[in-house]
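Have a look at the structure first, and keep it open while you read.

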Amino acid sequence: MSGTHSSNGRREVLYVIACGSPLARHVGNLVDLAQQDGWDVCVVTTPDGAKFVDRAALARQTGHPVRTHYKQPTDPDVLPPADAMIVCPATVNTVNKWAAGIADTLALGLLVEAQGLGVPIVAVPFTNAAMAAHPAFRAGLARLDEWGVTVLFGDHVFPLHAPGTGAQHVQAFPWEVGLTALRARSCPLV
Ligand SMILES: Cc1cc2nc3c(=O)[nH]c(=O)nc-3n(C[C@H](O)[C@H](O)[C@H](O)COP(=O)(O)O)c2cc1C
């Protein structure tokens, strides 16, 4: 998948899901790279992710409102359906809940449903070394991987940092990794 046009002529839609981490402040970098790849990008945040992002700037950049909360049952869907999703930054909290099938945020509801629909999903966790050591997080990542989610995590992706220092490391984050993984899913030999 590389964000080109689908069979009905529309641009493929990528949901970028941003959780509660300082890295989310810079998620516009991922939006920019995804748009260069041809994706029609929509940003969804968790409620804690919303504390870190500039919603107005992201809405201008994508042409879509940033969504955070479930809509009212009678409200229309304001985003086009997703052809792929990248969860970046994925927090420990969201990974653990996702692996348990919990859908108590819009972001989690979209992920749980997307998995059932077979939508390709890439998860790029960002957390500190202490939180990353929790066995539930490790088990959650392994379960997601087992279920077909592309999990990009570890020193080969981005070295873990000490607690309280996350904001100092965001500038070096390799935003392109999730997009590269999506491309590899559609062209496994590339
Ligand atoms: C300033 C600050 C920075 C945080 N950074 C991270 C982080 O990088 N990774 C992480 O897993 N959790 C981080 N947390 C904790 C999450 O925000 C917290 O677990 C929250 O409940 C996550 O909610 P969400 O998964 O719905 O986004 C941070 C919290 C604060 C207040």
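Helices α3 and α6 are oblique to each other, oblique being the class left over once angles under 35 degrees (roughly parallel), over 145 (roughly antiparallel) and 65 to 115 (roughly perpendicular) are taken out. This is a predicted model, in which local features need pLDDT of at least 70 and side-chain atom pairs count only at pLDDT 80 or more, while totals for chains, interfaces and linings use all residues. Residues are numbered from 1 along each chain as its sequence is written. Helices (H or I, at least four residues) and strands (E, at least two) are DSSP runs, numbered from the N terminus.

Two packed helices are described by the angle between their axes and the distance between the axes. The axes here are lines fitted to C-alpha atoms, for helices over the stretch in contact, with angles from 0 to 180 degrees between N-to-C directions. Both α3 pairs look like this:

| Pair | Axes come within | Crossing angle |
|---|---|---|
| α3 (residues 92-99) and α6 (residues 135-146) | 9 Å | roughly 55° |
| α3 and α4 (residues 106-117) | 10 Å | roughly 40° |

The crossing of α3 and α6 is left-handed, meaning the near helix is turned anticlockwise from the far one by less than a right angle (clockwise would be right-handed). On the α3 side, Val92, Val95, Asn96, Trp98 and Ala99 take part, and they meet Ala136, Phe137, Gly140, Leu141, Arg143 and Leu144 of α6. Contact means C-beta atoms, placed from the backbone, within 7 Å. By class, this α3 and α6 contact has eight nonpolar residues, two polar and one charged. For these classes, Ala, Val, Leu, Ile, Met, Phe, Trp, Tyr, Cys and Pro are nonpolar, Asp, Glu, Lys and Arg are charged, and the others, Gly among them, are polar.

Now for the other partner. α3 and α4 are also oblique to each other, and their crossing is right-handed. Thr94, Lys97 and Trp98 from α3 make the contact with Ala107, Leu108 and Leu111 from α4. That contact splits into four nonpolar residues, one polar and one charged.

## Around the ligand

Which helix gives the most to the shell around the ligand? It is α3, with three residues. The ligand has 16 residues around it, and the closest are Cys19, Gly20, Ser21, Thr46 and Thr91; a residue is near if its C-beta atom, placed from the backbone, lies within 6 Å. The shell has ten polar, five nonpolar and one charged residues.

## A few residues worth a click

Arg143 sits in α6. It is partly exposed, with 16 other C-beta atoms within 10 Å (20 or more would be buried, 12 or fewer exposed, with C-beta atoms placed from the backbone). Arg143 and Ala99 are 6.5 Å apart, C-alpha to C-alpha, and 44 residues apart in sequence.

Leu33, in helix α1 (residues 28-36), is partly exposed too, with 16 other C-beta atoms within 10 Å. Beyond four places in sequence, Leu33 contacts Trp175, Glu176 and Leu179.

Finally, check the peptide bond from Cys88 to Pro89: it is cis, with omega near -5°. Pro89 belongs to strand β3 (residues 84-90).

Methods: Two residues are in contact if their C-beta atoms, placed from the backbone, lie within 7 Å.
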